[in-house]
Amino acid sequence: MIPAAFTYHRPKTLASALRLLETLGPDARVLAGGQSLLPMMKLRLASPPHLVDISRITTLQRIRKSPGRLRIGALATHWMLETAPVVRRLAPALAETASFIGDVQVRNLGTIGGSLAHADPAADYPATLLALDAEFELQDHRGSRVVVAHEFFRGLMTTALRPGELLTEIRLPVPARVGAAYLKMPNPASGFALAGVSAALAVDADGRCTMARVGITGVGPIAYRARAVEEAVVGREPTDDTLATAAAAAADGVEANADLFASAEYRRHLARVLTRRALVLARDRIRPRRQAARRAEPDAS
Ligand code: FAD
């Protein structure tokens, strides 16, 4: 349980971290909260010759509001996201998701950027960031680019990140009159999601659904948008019956994972049940116009 020897680097700025990653090339691995990478190193599933510890780069720890958006630095910890008033107010489903991760120790050290870059198929954030239509800023020493959430997750523990690139910021739109919710059935041993579903809904003045997004994690090899569910809800009044009918398509076309804890069929069943419940909760959380307007006011935090 002792990792192989490595050289430790602790850059203080983003520019120096990006330079180091460029210089060291494939021999380097980024260290953020260490909650996934260090266990892998102790088990010798990863043996990087160089570790570039980015955890002291304070500019990557910021959470702030800019017009119409919530901007979250990649080093924001799960605990910060669970408790920050600006997150609880503007993206309560994200705070809710963070609160479901591991235990307090893990939440104090683990970061949103580390979780997304690691892309465990049972991690919680991917479902919610798909449902909230997040975009990710990726940077290397040459510059930056933006990738939308549904193009970021590419396969089992594989993302759009290129060698030498850092995930630096997660950006969320903060529209009014949207309700969102995350629900999870945890693996009884690890706490990761056997299935986790995030739903976000918006309605117009007549009560018809104008937007529906559903992100599902833990069920397949990669977190996914349940497009058939979304299409079955948009344009309709989100009654219990409509949402239940739509939710039945939550696992359509998905090759579900199977392991000691849950068969593929049980995971598909969980996806359908949690999708129905998350949609109902999201609908019930859509704020009345007056509260939504207050929510959209500029915020200093
Ligand atoms: P690290 O472990 O430091 O890094 C993980 C990977 O991401 C490494 O490959 C690293 O090189 C790369 N990386 C890190 N930051 C960046 C970046 N900014 N840009 C590019 N690459 C980067 N997760 C859940 O979702 N749900 C759970 O219920 C859950 N339970 C857990 C229980 C335990 C006991 C433990 C130990 C972990 C658990 N986790 C769970 C995982 C946890 O969320 C981790 O914090 C997370 O997966 C990794 O974040 P980190 O900051 O620790 O990243």
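User: Into which domains is the protein chain divided?

Analyst: There are domain 1 (7-53), domain 2 (58-173) and domain 3 (178-290), with bounds from an automatic or database domain assignment. Residues are numbered from 1 along each chain as its sequence is written. The model is predicted, so local features need pLDDT of at least 70 and side-chain atom pairs pLDDT 80 or more, while totals for chains, interfaces and linings use all residues; side-chain values use heavy atoms, without hydrogens and water.

User: What area is buried between domain 1 and domain 2?

Analyst: The size of an interface is often given as the accessible area lost when the parts come together. Here about 1,100 Å² is buried between domain 1 and domain 2, with 74% of that from carbon and sulfur atoms; the value is the accessible area (1.4 Å probe) lost by the two parts, summed over both. In domain 1, Leu-14, Leu-18 and Gln-35 lose the most area to domain 2, together 47% of what that side buries.

User: How many salt bridges does the rule find across this interface of domain 1 and domain 2?

Analyst: A salt bridge needs a side-chain nitrogen of Lys or Arg within 4 Å of a carboxyl oxygen of Asp or Glu. By that rule, the interface of domain 1 and domain 2 has 0.

User: Which helix gives the largest share of the domain 1 side that touches domain 2?

Analyst: Helices are DSSP runs (H or I, at least four residues), numbered from the N terminus. Helix α1 (residues 14-24) supplies that share, with 5 residues.

Notes: Helix = DSSP H or I, 4+ residues; strand = E, 2+ residues; numbered from the N terminus.
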